[in-house]
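Biologist: I'd like to learn how to read a model like this one. Could you take me through it feature by feature?

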Amino acid sequence: MTIRPYRDSDFHGVLQTWESSMTLDVPSPADFRRRVLLDRNRCPQSLIVAEADGRVAGFLLALVPRHPIDKTGLPPDRGFITAFGVRPDYRRRGMGTAMLERAEAFFRESNRGEIAVAPYPPNYFIPGVDPTRYREALAFLTKRGFAPYLEAIAMDAAIGQFEISPDLLKREADLLADGIAISPLPDNRLAAFLEFMEAVMPGDWGESARTLLTAPPPADGHWPNLLVAAREERIIGYCQFDGEHFGPFGIAEPYQGRGIGTVLLARTLLQMRRRGHHAAYVLWTGERAAKGVYGRLGFRISRRFALMKKPLA
Ligand SMILES: CC(C)(COP(=O)(O)OP(=O)(O)OC[C@H]1O[C@@H](n2cnc3c(N)ncnc32)[C@H](O)[C@@H]1OP(=O)(O)O)[C@@H](O)C(=O)NCCC(=O)NCCS
């Protein structure tokens with residue numbers, strides 16, 4: 001067994017290993033390129049490969065944030081492990097341990113005081129370990145000194161027949177009477193939207209929105225996959241989606257608790273269905289939102305994730 005940094009010739013081997021280990025969370029080759037190889041925090045020590053019998057048998061992705069996120073800056077001394085796996089026929093031979101030791105040495109050299117699995121702000125695949133699907137990883141990390149510190153909930157909804165209920169249409173009309181309207185973001189409100197994001201929403205959400213808005217709006221002058229709630233000239237909330245994955249999704253604090261989020265989400269789901277999607281999911285939410293806004297719109301809890309961390313001595 002050799003533990004070494006990734007090389008270009010490992011591309012398919014790493015993807016196959018990923019497919020045979022993190023079976024529910026496999027990136028497409030394009031996603032692997034975009035979200036792993038092109039990640040601007042990745043350096044040669046980040047993508048660790050275990051080679052055995054002339055092929056890739058294990059991989060581990062370890063990231064040290066080097067580029068500050070708007071407003072939030074750099075997580076002070078945290079390193080992140082976002083994905084790892086060993087092919088089933090090579091397990092329980094110390095391969096996972098050897099890759100993790102290599103990652104821990106890299107984190108120490110990079111002055112990290114703590115390692116977290118897997119809530120890496122710009123590019124997480126899943127927020128943490130799914131204790132049902134990745135039971136072995138939970139046992140492995142626990143053995144290596146990691147402990148759970150937070151739970152994230154993923155939810156799914158079938159939206160093939162989604163329609164906005166009469167109650168919600170009434171609430172939407174009431175909001176409109178109060179001057180609050182929901183629509184896809186028009187091109188002529190782009191600057192106002194970015195100012196709203198800068199002033200009110202967490203830093204890494206602004207980056208997700210900018211990535212999506214880099215594509216020019218279609219001929220009608222609206223971005224179909226980013227909806228905003230606006231009170232007259234002021235933007236007060238938004239929700240974006242990318243394929244079946246929706247979010248981030250947020251309402252400015254003074255406007256929370258008035259049903260704006262529920263109407264905004266319902267309009268987003270309708271927009272997703274009209275664009276051909278039959279399902280919608282959110283990967284990271286909490287118990288309160290799960291019972292509230294998502295539960296009311298037909299979302300069910302599909303997975304739970306244990307965010308885990310370990311201090312580095
Ligand atoms: C987690 C994983 C990478 C471990 O790889 P591995 O090479 O088998 O790990 P090691 O051989 O180094 O195991 C080290 C220790 O972890 C613990 N461990 C590992 N697998 C275990 C299992 N299935 N049950 C109980 N303990 C386990 C044991 O204490 C083991 O030591 P031991 O074999 O001396 O008892 C591997 O099981 C895997 O690929 N799982 C699926 C992928 C995955 O879930 N990724 C994480 C998503 S967040």
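Biologist: Let's start with M197: which residues does M197 touch, not counting those up to four places away in sequence?

Modeller: This is a predicted model, so keep that in mind throughout. M197 touches W205, G206 and A209 once those close sequence neighbours are set aside. Take the pair M197 and A209: they are 12 residues apart along the chain, and 8.7 Å separates their C-alpha atoms.

Biologist: Is M197 buried or exposed?

Modeller: The idea is to count C-beta atoms around the residue, and 20 or more within 10 Å makes it buried. M197 has 23 such neighbours, so it counts as buried.

Biologist: Where does M197 sit, and which residues of that helix are buried?

Modeller: M197 belongs to helix α6, which covers residues 190-200 and has F193, F196 and M197 as its buried residues. In general, an α-helix makes a turn every 3.6 residues, so positions three or four apart point the same way.

Biologist: What does the face turned away from the buried side of α6 carry?

Modeller: The exposed residues A191, E195, E198 and A199. As for the buried residues of α6, their cover includes β7 (180-186), α7 (203-213), β8 (222-231) and β9 (234-242).

Biologist: Now the nonpolar core. Which members of the largest one touch the most others?

Modeller: That core has 87 residues, and the ones touching the most other members are F59, L60, L61, A62, I81, A103 and A229. At least three of the core's residues come from each of domain 1 (2-148 + 307-311) and domain 2 (160-277). Looking at A229 beyond four places in sequence, you find contacts with I180, I182, I236, G237, I251, I260 and L264.

Biologist: How many Å separate the centres of domain 1 and domain 2?

Modeller: 33 Å, taken over C-alpha atoms.

Biologist: And the ligand: which residues come nearest to it?

Modeller: There are 20 residues around the ligand, and G96, T97, Y134, A137 and A139 come nearest. Two or more residues of the shell come from each of β4 (78-86), α3 (95-109) and α4 (135-143). The largest share is that of α4, with 5 residues. Sorted by class, the shell holds 10 nonpolar, 5 polar and 5 charged residues.

Biologist: What should I look for in the backbone angles?

Modeller: Then look for exceptions. R92 isn't a glycine, yet its phi is positive, near 60 degrees. R92 sits in the loop between β4 and α3, and it counts as exposed because 9 other C-beta atoms lie within 10 Å. N111 also has a positive phi without being a glycine, at about 60 degrees. You'll find N111 in the loop between α3 and β5; with 11 C-beta neighbours inside 10 Å, N111 is exposed.

Biologist: Last one: which residues is V293 in contact with, leaving aside its neighbours within four places in sequence?

Modeller: G261, T262 and L265. V293 lies in helix α9, residues 287-296, and its 20 C-beta neighbours inside 10 Å make it count as buried.

Conventions. Residues are numbered from 1 along each chain as its sequence is written. This is a predicted model: local features need pLDDT of at least 70, side-chain atom pairs count only at pLDDT 80 or more; totals for chains, interfaces and linings use all residues. A residue is near a molecule or strand if its C-beta atom, placed from the backbone, lies within 6 Å of it. Helices (H or I, at least four residues) and strands (E, at least two) are DSSP runs, numbered from the N terminus. Ala, Val, Leu, Ile, Met, Phe, Trp, Tyr, Cys and Pro count as nonpolar, Asp, Glu, Lys and Arg as charged, and the others, Gly among them, as polar. A nonpolar core is a set of buried Ala, Val, Leu, Ile, Met, Phe, Trp, Tyr and Cys residues joined through C-beta atoms within 7 Å. A residue is buried if 20 or more other C-beta atoms lie within 10 Å of its own, exposed if 12 or fewer, and partly exposed in between; C-beta atoms are placed from the backbone. Domain bounds come from an automatic or database domain assignment. Two residues are in contact if their C-beta atoms, placed from the backbone, lie within 7 Å.
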